[in-house]
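Look at the model below before reading on.

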Amino acid sequence: MAARQRRSRWPAYVMAGIAVSAALVPGPGHAVGTGAETAARRPVPTATAGGGSSTSPVPPALPGEPAPLPATGAYLHYGPRGVARMAWLSRWLGGADLRVGHTYLPGDLWSNIEGAPRFLDAWADWRRERADRILVLNVPMLERNEEGVSDDEVRAMLRRGAAGEFDAHYRRLAERLIGLRVPDTVLVLGWEMNGTTYTHRCGPDPEAWKAYWNRIVGAMRSVSGQKFRFDFTPSRGRDAVPWTECYPGDDTVDIIGMDTYDQPQGMPFDVQVAEPYGLRAHVAFAKAHGKPISYPEWGLFRNGDNPEYMRRMLDWIDEHKPLYNTLTDYCPHGAWQCRQNPKAAAVYRSVLYGRTEPVPPPAPVPTPVSETEPEPLPSQGCSPVGLGDWTEHWLGWQVCIRRGWWSSTWWSHWAR
């Protein structure tokens, strides 16, 4: 989302979180901090014995057969908690088949953009459990990505990138993902480039931005074993610059996505469809370029608990069959983890309840999703700080204890 839409996903204490959690948390993975989930803003094979699996879209239905269901998921948490919550969300949806996992690389340092965060291990394990799953990873194009860097500096950095100065960082990311055996991850590279939030924005120099995108894709595709798909995803509407001016070309784009939230205030869904560079224009542009569409981020926002938006957006997804879609499921955007949207949540649940596709045979020796008792969801204004799993629990719940939050509130959430 653009600056007017959300607060930072990776706050200033992210590096302190990496250092503390690396020292304190053993095991296969931990996550760098994203801050309070209810306020912060803010896919891959080798599963089968016969070779790699594919995240290609299901072929069109034959006459008389039901059309394939859109691949659905939600952004639930950047790290292992998000993996666990996929199973819990599916249960809340009556066993609905959630095939899309979505997480983000922090854009503070090049080392993190190269794939250093250990939480990628947990998502890779989840992806490999089933051949039809899709792992979606948002990848920043520049470090210091949410630090309010000036247009002049952005322009200079984009030109350095276009000249190949940063290629090595993306080769290392490709090697990291291939090493995790997730070589067909969908990479949402430089998302919402038409806005002003991110250092990787297009506006200061669209030509350099496009050339730099092409350098990154070329660098990652040069690594042996890769099967990546690159998703070009602006935010809906014109924003700071028309997103069509940033399109880098069909040779380096595999999917044309759109991040779309229920905003601005008072805008009905029909206008979100018809506005310049809106939902209809997005579908038409992708069709003209022979590309599938996606909705990596979508959800409620400026118009509050809006069941009409939720119903219309789900109908739009069913009609236009994106390759995948992921609801941003925390407040104020979400349905399951956000108790302030009960009416929209009821619509979301009723539409998706029990939706399943035929399940392929499981991978050899799959890693089962934890079936342990779900942890309580934090109430509004009471979220663990982002310092790694063990430290998050300890520090975050100390805050909750001081606020007297221990109540039965979260039981009612799971029961609804």
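A residue is called buried when its relative accessible area is under 20%, exposed when that area is over 50%, and partly exposed in between, using a 1.4 Å probe and protein chains only. The model is predicted, so local features need pLDDT of at least 70 and side-chain atom pairs count only at pLDDT 80 or more, while totals for chains, interfaces and linings use all residues. Residues are numbered from 1 along each chain as its sequence is written, and side-chain values use heavy atoms, with hydrogens and water left out.

Tyr-277 counts as partly exposed, because its relative accessibility is 26%. Tyr-277 sits in the loop between H8 and helix H9 (279–288); helices (H or I, at least four residues) and strands (E, at least two) are DSSP runs, numbered from the N terminus. The phi angle of Tyr-277 is positive, about 65°, although this residue is not a glycine. Tyr-277 also belongs to an aromatic cluster, together with Trp-209, Trp-213, Phe-232, Trp-243, Tyr-247 and Phe-285.

Aromatic pairs need a rule. Rings of Phe, Tyr and Trp (its six-membered ring) pair if their centres lie within 6.5 Å; planes under 30 degrees apart count as stacked, over 60 as edge-to-face, and the rest as tilted. This rule gives 21 aromatic pairs. One of them joins Phe-166 and Tyr-212, with 6.0 Å from centre to centre and 65° between the planes, which is edge-to-face. Phe-166 lies in the loop between helix H5 (151–162) and helix H6 (167–179), and Tyr-212 lies in helix H7 (residues 206–221), so this pair ties together parts that are 46 residues apart in sequence. Are these two residues buried or exposed? Phe-166 counts as buried because its relative accessibility is 5%, and Tyr-212 is buried with a relative accessible area of 0%.

Another pair is formed by Phe-269 and Tyr-309: the ring centres are 6.0 Å apart and the planes are at 65°, so this pair is edge-to-face. Phe-269 is in helix H8 (residues 269–274) and Tyr-309 in helix H10 (residues 307–320), so the pair links distant parts of the chain, 40 residues apart. Both Phe-269 and Tyr-309 are buried.

Next comes the backbone. Which peptide bonds are cis? The bond from Gln-263 to Pro-264 is cis, with omega near -5°, and Pro-264 lies in the loop between strand S7 (260–261) and H8. Cys-331 and Pro-332 are also joined by a cis peptide bond, with omega about 5°. Pro-332 is in the loop between strand S9 (325–328) and helix H11 (342–352).

Arg-144 is not a glycine, yet its phi is positive, about 55°. Arg-144 is placed in the loop between strand S3 (134–139) and H5. With 27% relative accessibility, Arg-144 counts as partly exposed.

Asn-112 is in helix H3 (residues 110–113) and counts as buried, because its relative accessibility is 3%. Asn-112 and Leu-173 are 61 residues apart along the chain, and their C-alpha atoms are separated by 9.1 Å.

On a 1 Å grid over the protein atoms alone, a cavity is a set of points where a 1.4 Å probe fits but cannot get out, and lining residues have an atom within 4 Å of a point. The largest cavity holds about 90 Å³ of space, a volume being the space filled by probe spheres set on the points, which are joined across faces, edges and corners. There are 12 lining residues, and the closest to the centre are Leu-69, Pro-70, Thr-72, Asp-97 and Arg-355.

Methods
1 Å grid on protein atoms, 1.4 Å probe; cavity = no way out; pocket = protein on both sides within 12 Å on 5 of 7 lines; lining within 4 Å.
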